[in-house]
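Subject: Model for you to look at

Hello,

Here is the structure I promised to pass on. Please open it alongside this note.

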Amino acid sequence: QVRLVESGGGLVQAGGSLRLSCAASGLTAGAYTTMAWFREVQGKERELVAAFEWTGSKTYYLSSVKGRFTISREPAKIAVYLQMNSLKPEDTAIYYCAAVDFRTTSRFDAENRYRYWGQGAQVTVSP
């Protein structure tokens, strides 16, 4: 059974930084594994913030976070992180860790690509 557990959310002032962590258990970290961070604001569609192929070179960033957010991994723990710098009030959202570890033809940025989801971490950026 795959489980994703997020941590690191919170309240920060604009211009500040936060680091989200996602620890995966039961996940196969192999050729078909993609891990990602999505975010959701009430009343809006969930959007992909950042993602990467575990064994490949493909990495994706939402255009509005490029240069401010960095997704990274820790292979020994099968963990993924999202370092968020220069935070803006519009970054306020619930952030979800997501993963898939089998072959899929779904788009990299499609929610239905990802089979496993964490419980979500609230990030609030005050003006």
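Below is what turned up, by topic.

**Ground rules**

This is a predicted model: local features need pLDDT of at least 70, side-chain atom pairs count only at pLDDT 80 or more, and totals for chains, interfaces and linings use all residues. Residues are numbered from 1 along each chain as its sequence is written, and side-chain values use heavy atoms, with hydrogens and water left out.

**The four-stranded sheet**

Start with an open, antiparallel sheet of 4 strands, in the order β1-β3-β8-β7. Strands here are DSSP runs of E, at least two residues long, numbered from the N terminus. Two strands pair if DSSP finds at least two bridges between them. β1 and β7 are the edge strands, and each pairs on one side only. On average, neighbouring strands are turned by 15° against each other, direction ignored. That angle is taken between the N-to-C directions of lines fitted to C-alpha atoms, on a scale from 0 to 180 degrees.

Now go across the sheet. β1 and β3 pair over 5 bridges, antiparallel. Glu6 faces Cys22 of β3 in this pairing. β3 and β8 also run antiparallel, joined by 6 bridges. There, Arg19 stands opposite Gln83 in β8. Finally, β7 (residues 69–74) pairs with β8 (residues 79–84) over 6 bridges, again antiparallel. Ser72 sits opposite Tyr81 in β8.

**The disulfide**

Cys22 and Cys97 form it, with their sulfur atoms 2.0 Å apart. The pair links distant parts of the chain: Cys22 is in β3 and Cys97 is in β9, 75 residues apart. The S-S torsion is about -75°, so the disulfide is left-handed.

Are these two cysteines buried or exposed? Cys22 is buried, at 1% relative accessibility. Cys97 is buried too, at 0%. Buried means under 20% relative accessible area, exposed means over 50%, and partly exposed is in between (1.4 Å probe, protein chains only).

**The cores**

A nonpolar core is a set of buried Ala, Val, Leu, Ile, Met, Phe, Trp, Tyr and Cys residues joined through side-chain atoms within 4.5 Å. The largest one has 31 residues. Leu4, Met35, Trp37, Leu82, Met84 and Tyr95 touch the most other members. Elements giving two or more residues to this core include β3 (18–25), β4 (34–40), β9 (93–100) and β11 (121–126). A second, separate core has 8 residues, among them Phe38, Leu48, Ala98 and Tyr114.

Look at Tyr95. Leaving aside neighbours within four places in sequence, its contacts (heavy atoms within 4.5 Å) include Glu6, Trp37, Arg39, Leu82, Met84 and Val123.

Which residues other than glycine have a positive phi? Ile78 is one, with phi near 45°. Ile78 lies in the β7–β8 hairpin, which has 4 residues between its strands. Ser86 is another, with phi near 50°. Ser86 is in the loop between β8 and β9. Ser86 counts as partly exposed, at 39% relative accessibility.

Best wishes

Methods: A disulfide is a pair of cysteine sulfur atoms within 2.5 Å.
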